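Hi,

Here is the structure I promised to pass on.

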Amino acid sequence: MALRKIAVQGDDCLNKVCRPVKEFNGRLHMLLDDLKDTLVESNGVGLAAPQVGILRRVCVVMNEDDEIIELVNPTVVSTEGEQTGFEGCLSVPGKYGIVTRPNVVRVRAQDRNGCTFEVEDEGLTARCFCHEIEHLDGHLFVEKTDQLLTEEELEEYIRKQEEENQENEEN
Ligand code: ZN
């Protein structure tokens, strides 16, 4: 068990295309374990190997049941619908942006032993699948948003939205 240092925007490792994993060995297992520990320690919902400086197609995603899904060589195989909401990234600390993503995402990946599986989820977890898989191609969510908000601006935005929702309920 070990924590790894998370790279921040501007670090070279975040804009590289990662290579596929071919060997499902102890080194991969250690990477996955460290990604999970680092994710939990950082209170994040997803973390990709390039964020800890490893240019391999590996990431972990926490679903809404707090289960951490290990994805090796993941690809999005199908999507449905659309959602628009805030997104943040452990590599872009303190900044949030509004990003539109598919609402349902189905991913095909390999597990730590090389067995292929598919997983489908919606909402936040679907958003996270897209976000993490984009890290593996060297992309950050900031490329997909018109405006980056600070934590204070985000709170203001949430407050306004809640007010609007209340008004809608009252009407
Ligand atoms: Zn990220």
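**A hairpin and a zinc site**

Strands β6 and β7 form a hairpin with 5 residues between them, and glycine 114 in that turn has a positive phi of about 95°. Helices (H or I, at least four residues) and strands (E, at least two) are DSSP runs numbered from the N terminus.

Before you go further: this is a predicted model, where local features need pLDDT of at least 70, side-chain atom pairs count only at pLDDT 80 or more, and totals for chains, interfaces and linings use all residues. Residues are numbered from 1 along each chain as its sequence is written, and side-chain values use heavy atoms, with hydrogens and water left out.

β6 (residues 104-110) and β7 (residues 116-122) run antiparallel, joined by 7 bridges; strands count as paired if DSSP finds at least two bridges between them. Across that pairing, arginine 106 stands opposite glutamate 120. β6 also runs antiparallel to β3 (residues 68-80), with 6 bridges, and there valine 76 stands opposite valine 107. Because 5 of its 7 residues are buried, β6 is largely enclosed by the rest of the structure (buried means under 20% relative accessible area, exposed over 50%, partly exposed in between; 1.4 Å probe, protein chains only).

Then there's the zinc ion: Cys89 (SG), His131 (NE2) and His135 (NE2) coordinate it at 2.0 to 2.3 Å. Donors here are N, O and S atoms within 2.8 Å of the metal (3.2 Å for Na, K and Ca), and water is not among the atoms, so sites may look incomplete. Their spacing along the chain is C-x41-H-x3-H. Cysteine 89 in strand β4 (residues 83-89) and histidine 135 in helix α2 (residues 123-135) are 46 residues apart, so this pair links distant parts of the chain. Both cysteine 89 and histidine 135 are buried.

Cheers
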